Amino acid sequence: MNKDFLLKKKWLTIFFATILGVCLPLFSGCSEDDDEYVEPNLTIEPADGISIDQTNGATGTFTINSTRDWSIEKPSDTWLSVVPMTGKAGKQEITVTVKENTGKARASVLNITASSLKASIEIRQKSKDGTEDLYTSIAALRDIFKTAEKDGKVTTADDGTITYTVTEDLMVKGVVISDRNASNLNSKKAGYIQDVEGNGVNFRSDKNHEYDMGTQLIINLNGGTLSRYKGKNSMQLGILADKVTATEGVIPTPIEVTIDELFANGATDGKYDGVLVKVKDAQFENITQTYYSGNITFAYHDVTSCGTNIISVPFSKYMADDFKNKTVRKGKGSFIGIAVSNLSYDEWNVYPRNENDLEEMSDDESTRCVVEKPNKDQAILKAIADIKKIEDGKITENIKVKGIVTSDKDGKNINGNNIFIQDENHQGFCLRFAEPHSLAAGTEVEVWLFDGTRENFNDLNQVSGLPLENIINQKQSSIPAPFETTIAQIKEGNLESVLVEIKDVEFKDISQKYKGGQTIQTCSGEEMIVYTSNSVFADNTVAQGNGSIVGNVSINKGVWQLCMRNADDAANMNGARCNGGLSITLDPKNFNLDAEAHQNVEVNVISGNTTLAWTATVEDGKTWCTLAENSGVGTGKFTFNIEANSGEQRTVNITVSAIGVEPQTITIIQNKQGQTLNLVQNADFTAWTNDTPDEWFVKPQGKEGDKDKGSYKEGSSSILLKGKIYLSQSVTNIIAGKTYTISYEYNQANDEMRHRIWSNWSGNGSKLTENKDVLQPSTYIEGATSNWKKISLELKAPNNADAFNFEIRAYATNKDTFNQETAEIAFRNFQVIEK
């Protein structure tokens, strides 16, 4: 290796070592001159926002203090401008300039972002009068809603829901007290807010929301709604998501309350309704259950404090599995939740928001308070008349009642949990057990009433919430003879729940089936409703003649009605009707047949006069239709035969005549080979009897004096509907799994009416819920048409389907301005055709 190179290398090594020795101390000390790390910080002054005058060009200022660069989100409101919109770290004054305000006070929220930090400030502008009455309290909203109800400015839906649509700027401010993440709600659109006055309310947005607990909402209700579900529940806000500003707020402290205090202030929309509360000294009645089980939306748990009252605590199926599958807490303590008065007005639900709301309730069973129940064997027997005098609420006396069951569980025209009983003094009463019972008609029964609830359910006196173990004794006896009475005596109100017999009455419309409310009448015109629900005889045609009818007297919202037990209760309604029985009804009234030959097709002839002779004849020239049986006396039948059709679609009429009776006609349509078969009967309303379309059920709504009271009349191969009215037909011969085209046509000259389809599949007499979103839409079909317009759906019949209830519901667009002379909708060409 070169000697000079080694020498040079040595000197370079010494040089760099010297340089590094000097510099390293310098480098090690450089950190002492760096800037210190500053924590992110963002504050707005004044924190409670600013107020600006109503004049054009008026200004207001606020200050941003930030350790990071910041920016202001562009406001959606056009009545204000902000300068500057961005800035550097430090302190910066912001100027807000407004346009003239010619209306109510208004507000906008500005959102500021600095790195990962966010803040907001409320900008308020005074009203045209210079006032700052910006926000409407929840209590004031309730007053507005009540006034709208009183003034008739609300709409009422088919289920009784009352709605007022807000058409002005009503600003509401409140903090979200519900927990959307824990999901103890029935919808992702729902929640609760509470205002500074301590009032709370349920809201429902038009979209799924992301308002967490503690979020402050500023809501403009213009275009939204105030409503009361089914006309009974607490007021609810219907809000539009694009008219809500969400900022950071503070969750209010829960109000401490006892269960008995809740009931002491128990009016709907009362002191605690929709408010965050802490219920003290509470415990679950049944400590073996999980918070949620089953497939319903909410599982309800009775919670007591060993006082007089019981609240119901709901838990939603949408809650997390690791919570809802736990067994409820076994001990006593406090829990937090949102108090809500329920549909019965005098009961309360309290909704825990999440599992943390239950943390002060002990899981130690030894902490529970114990209510010593009296000995039911020592219960004092009370007459039914005395039971009726007991005030509403929990029964705390050790009493029992004795009577004979007069209702018929097998007829199923009564809730499976309910019975009517009657004592030796001809007094009747309704008892409601907590689950279905097995008590047959004619059973003499003693029932312990302690801890049951005395109440008026839709005006019917009853004791509810009775466990089956409260049945002390039962033995078979005999049903008491029905008490003979009149419609007028029943309406005096002294025969509630009594088994009665009404003589010399007849059904007003003998073409109807029992299901629903059918009217009976005397020959002098007295009327009463006979109510039938989903009984075993609901689809039977009502009794045709005049005579006596038996049933239990009931009442529903002030309307007295008779509840038949079974079809035999009308077996004696077979005499001559009030007009002498000179009438005939044909069933069915129309046939829509395929091209094949048909033999011995039966038609029922129904007459209220057992001696009325009648004869059936075929329309002249229609030799392809013949009668096998063509005459009879009283109620009977005739049969017809149809030859196979090798040509075009054809029609034949068969007329039934009798002396002194208006002839009745059935229409038979036979389709050509390969032609699709429409399952709807009398689809174009060409057949009418007594001003009613054959095969159709038309139910006008409303009462005398209502501008929009429903009515109808025959059109040209169509039906014309006016006002609020329902039109329906039960379409049979549906085959499960097949696809059907379901359609109809409508025509209306102006926009005074609107309508919607309101139909459903059914199977074995029960409604099916498949396709409910399109068969029962929430929206209406509105506006005038220049010609016939067709509405069509293509749907697959669900499993178990054997029928389709084809129903149209028509309404007045505005019932206050509705004109019976000019407003109507025409309907025709209803079709249900297998694809």
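1. In strand S13, Gln 194 is the bridge partner of Val 175. This residue pair belongs to the contact between S12 and S13, which pair in the antiparallel sense over 2 bridges. Two strands are said to pair if DSSP finds at least two bridges between them. Helices (H or I, at least four residues) and strands (E, at least two) are DSSP runs, numbered from the N terminus.

2. The model is predicted, so local features need pLDDT of at least 70 and side-chain atom pairs count only at pLDDT 80 or more, while totals for chains, interfaces and linings use all residues. Residues are numbered from 1 along each chain as its sequence is written, and side-chain values use heavy atoms, with hydrogens and water left out.

3. Strand S12 also pairs with strand S15 (residues 215-220), running antiparallel to it over 5 bridges. Within this pairing, Val 172 has Ile 219 of S15 as its bridge partner. Of the 6 residues of S12, 5 are buried, so the strand is largely enclosed by the rest of the structure. Here buried means under 20% relative accessible area, exposed means over 50%, and partly exposed lies in between (1.4 Å probe, protein chains only).

4. Helix H2 (residues 138-150) has 13 residues, which at 1.5 Å a residue should span 18 Å; the end C-alpha atoms are 19 Å apart, which agrees. The expected span is 1.5 Å times one less than the number of residues. The buried residues of H2 are Ile 138, Leu 141, Arg 142, Phe 145 and Ala 148. Seen down the helix axis, these residues fall within an arc of 120 degrees, so they line one face of H2. The arc is taken from the directions that lead from the helix axis to the C-beta atoms.

5. Against what do the buried residues of H2 pack? Their partners include strand S11 (162-165), strand S12 (171-176) and strand S13 (190-194). Strand S14 (200-205), strand S16 (225-228) and strand S17 (235-239) are also among them. Contact here means heavy atoms within 4.5 Å. After the helix comes Gly 152, whose phi is positive, near 70 degrees.

6. An open sheet of 4 strands has the order S1-S3-S7-S5, with antiparallel pairing. Strand S1 (42-45) and strand S5 (80-83) stand at its edges with a single partner strand each, so one side of each is left without a neighbour in the sheet. From one strand to the next, the twist averages 25 degrees. For such angles, axes are lines fitted to C-alpha atoms (for helices over the stretch in contact), and values run from 0 to 180 degrees between N-to-C directions.

7. Within this sheet, S1 and S3 run antiparallel and are joined by 4 bridges. The covered face of S1 holds Leu 42 and Ile 44, whereas Thr 43 and Glu 45 are on the uncovered one. Strand S3 (residues 59-66) is in turn joined to strand S7 (residues 90-98) by 8 bridges, also in the antiparallel sense. One of the residue pairs there is Thr 61 with Thr 95 of S7.

8. Two cis peptide bonds deserve attention. One joins Glu 45 and Pro 46, with omega about -5 degrees; Pro 46 is placed in the loop between S1 and strand S2 (50-52). The other runs from Val 83 to Pro 84, with omega near -10 degrees; Pro 84 is found in the loop between S5 and strand S6 (86-87).

9. How many disulfides does the model contain? The count comes to 0, where a disulfide is a pair of cysteine sulfur atoms within 2.5 Å. The sulfur of Cys 430 has its closest cysteine sulfur 9.5 Å away, in Cys 563, which is too far for a bond. Cys 430 counts as buried at 1% relative accessibility, and Cys 563 counts as buried at 9%.

10. Positive phi values also occur in residues other than glycine. Asp 504 has phi near 55 degrees and lies in strand S35 (residues 499-507); Asp 504 is exposed, with a relative accessible area of 54%. Glu 695 has phi near 75 degrees and lies in the loop between strand S50 (692-693) and strand S51 (697-700). At 26% relative accessibility, Glu 695 counts as partly exposed.
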